[in-house]
Amino acid sequence: MAKRSFIRKSLRLLAMAFGAVVALVFLTILLFRFVNPPTSAFMLAYQLGTAPEPLRQEWVLMAEMSPWMPLAVVASEDQRFPYHAGVDFEAIRKAVSEYKAGEGLRGASTITQQTAKNLFLWNGRSFVRKALEAVLALGIDGLWPKERVLEVYLNIAEFGPGIYGVEAASEIYFGKPARKLSQTQAARLAAVLPNPKVLSVTAPTAYVQERVVWIQQQMNQLSGLKYLEQL
C-alpha cells in the first residue's frame, strides 16, 4: 500500500510539474506577442560558445522594414505562410511521399516553426526537437497574428556569424537601414537563411546567386507586395 501511495504521489507531482511547464511556455508565448524577446536560444548559444565575432542585433518594427523583406522570406521559405496554422501538414505529407518514392528527405519547416526553433530550442535534426518545434509553432500561430510571427522571425534570424535580425544584416552588408532595402537586396538576405554560417551575402557563390534570381521570380509570381496585404 505504501508503495502504491508513493507511485501515485510521484505521478501527481510529475503531472503538476508538466502542467507548470506548459503554463509557463504558454504565458511566455503570450507575453512575446506584445513584448519583444530580449534574446533567443540561438543567440544565447552563440554567446556562450566560442564566438568569432561579437553578436550584433537591433530590433526593428515590421512597419519600419522594407516590405520586400518579409515577402522575400515568404517566397523563399514558406509560400503557404498566410494559410497554414503554424505547421504545414500538406507540405509534410508531400515530403514524406517523396521520401518513400526514393527521393531525398527535404525539410518542411514553416517560418513559424523556424521562429519557434530559433526562439526556444536548439539546432539539430532529432525527432524530439522537431516535435517540440511543431507544438510550439501551433501555439505561436494560435496566439500571435501572422504579422507578429514575421516580425519576430526577421528580428532573430541569423544572417551570418553573429549577425542576427534584418536591421543588423542590412546595416552590415549594405550600409543602410532595413527600411531602405531593395527587392534584390532583400532576396540576397533571404537566400542565405538556409545556412547562414556557410552561405555569404557579400561573397555569394553561384548557388546563392541562383537562389537570389529564383526568389525574385517567386516574389513576382506571388503578385509582389500585394501577396502579404491579407496579413
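This is a dialogue about a predicted model and the terms used to describe it.

Modeller: In this predicted model, local features need pLDDT of at least 70 and side-chain atom pairs count only at pLDDT 80 or more, while totals for chains, interfaces and linings use all residues. Residues are numbered from 1 along each chain as its sequence is written, and side-chain values use heavy atoms, with hydrogens and water left out.

Biologist: Why is Glu133 called buried?

Modeller: Buried means under 20% relative accessible area, exposed means over 50%, and partly exposed lies in between (1.4 Å probe, protein chains only). Glu133 has 1% relative accessibility, so Glu133 counts as buried.

Biologist: Why is Lys130 called partly exposed?

Modeller: The relative accessible area of Lys130 is 30%. That value falls between the 20% and 50% limits, so Lys130 is partly exposed.

Biologist: How do you know that Glu133 and Lys130 form a salt bridge?

Modeller: A salt bridge needs a side-chain nitrogen of Lys or Arg within 4 Å of a carboxyl oxygen of Asp or Glu. The closest N and O atoms of Glu133 and Lys130 are 3.1 Å apart, so the pair qualifies. Both residues belong to helix H6 (residues 127-143), where they are three residues apart, about one turn of the helix.

Biologist: What makes Arg148 and Glu151 a salt bridge, and why are they about one helical turn apart?

Modeller: Their N to O distance is 2.4 Å, so this pair also meets the 4 Å limit. They are separated by about one helical turn because they lie three residues apart in helix H7 (residues 146-156). Arg148 and Glu151 are both buried.

Biologist: What distance links Asp141 and Lys146?

Modeller: The N to O distance is 2.9 Å, so their contact is a salt bridge too. Both Asp141 and Lys146 are buried. A search of the whole structure finds seven salt bridges.

Biologist: What share of the chain is buried?

Modeller: Buried residues make up 44% of the 231 residues.

Technical notes. Helix = DSSP H or I, 4+ residues; strand = E, 2+ residues; numbered from the N terminus.
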